[in-house]
Every structure is written in structure tokens, then in C-alpha cells.
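Hi,

Here is the structure I promised to pass on. Please load it, then read the notes below.

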Amino acid sequence: MTSKNPFQLEGNCDCKHIRYRLEAKPLIIHCCHCRWCQRETGSSFALNAVIEASNVTILNTDPEIINTPSQSGRGQQIARCPKCRIAVWSNYPNAGPLVRFIRVGTLENPDAFSPDIHIYASSKQRWVVLDGKVPIVPEFYEIEKVWSRESLERWDALKPMIEEYRAKLAAGK
């Protein structure tokens, strides 16, 4: 069987109980240096491929969703394998379940993506040296100034669904 989609990249947790496929190129790749990401990953940063949930196909088993605190105070949801406990993606409150922050290290080919931007660099580990080949911002950034035209178009298509999600949340539904 051949795919009509030229872009497909698969990933999984350590035990392969959770397997997924990206059906499109991510909107952007963040290398986040915030202290929360450092704590969550037990590393110096988190490398996340930001993509619409509709472009992520779960191939075998749904992950367990864990609500965790966040610096914003609004929390986040981390999708983990119920067996090996590896985090495969997160969902943040602004877009909820509609946007996934895929952990690039869970891809079968994690070398497929390098960062498009380093965020929260003001709290990076001192020994991490950033060469400036990609943008570096002290905190976050304005999406319109950083994302590609294609990613902005996809984001614009997603906005009505995000607004509907937020409205339902505000209404307590």
C-alpha cells in the first residue's frame, strides 16, 4: 500500500506500546530551555515538534494523559505510555488537545528535526552554548514573526477550533 502523503514520520515510547505517526511537517520545532522543561525531562532542555493533533495518527494504543503543574499556573497534560511511562507529547492550555508538542526524542529518526528557535534562553543552563544559527529569544516570541507562511496558514485554519475549545472550557463544558 502506498501513501498519498509524502511526509510521514513515526515515533514511539521505549517499549513501543505507544506508536504514532506524524502526517505532516510540524508547524515549528521549539528547543525550550525553561526550568519547568528542564525539571520535567531531567535534562537541560526539551525539544518539541509543535503539530496539529489532527496530523498525529495513533498507531496502536492511546497514551495515558497526566495533568501536571506548569509555570503559568494553568497546567499541562503530558501523554505518557502507561507501561514504560515515557512522555511522548504534551498539550498546553491555550490550544488544549488540538495541538501536540511531540517529544522529538521519541521519533524513530530524532535527527529529522533540529530546532527552529530556542525559547526561554534566559534560563538555559550556563554551559549550553547557542551558536545563533537559529533565533534565540529570552522568553517566548510573536508567532507571526517567527513561523513560516505555511505554518501560519495552518495555524489560521486551526484558530476557529481553538476558539470553540476555549469557549467550551470557559462555559464549563
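From β9, Val-99, Phe-101 and Arg-103 point one way. Arg-100 and Ile-102 point the other way. Each of these residues is buried, whichever way it points. Bear in mind that this is a predicted model.

β9 spans residues 99-103 and is mostly covered, with five of its five residues buried.

Which strands pair with β9? β4, residues 46-52, is joined to β9 by five bridges. The two run antiparallel. Within this pairing, Ala-49 has Ile-102 of β9 as its bridge partner. Ile-102 is also one of the two residues that point the other way from Val-99, Phe-101 and Arg-103.

β8, residues 87-91, is joined to β9 by two bridges. This pair is antiparallel as well. Here Ser-90 is bridged to Phe-101 of β9. Phe-101 is buried.

Two residues other than glycine have positive phi.

- Lys-16: phi is near 65°. Lys-16 sits in the loop between β1 (9-12) and β2 (19-22).
- Arg-85: phi is near 70°. Arg-85 sits in the loop between β7 (76-80) and β8.

Is Arg-85 buried, exposed or partly exposed? Its relative accessible area is 37%, so Arg-85 counts as partly exposed. The cut-offs are under 20% for buried and over 50% for exposed.

Best wishes

Note on methods. Residues are numbered from 1 along each chain as its sequence is written. This is a predicted model: local features need pLDDT of at least 70, side-chain atom pairs count only at pLDDT 80 or more; totals for chains, interfaces and linings use all residues. Side-chain values use heavy atoms; hydrogens and water are left out. Buried means under 20% relative accessible area, exposed over 50%, partly exposed in between (1.4 Å probe, protein chains only). Helices (H or I, at least four residues) and strands (E, at least two) are DSSP runs, numbered from the N terminus. Two strands pair if DSSP finds at least two bridges between them.
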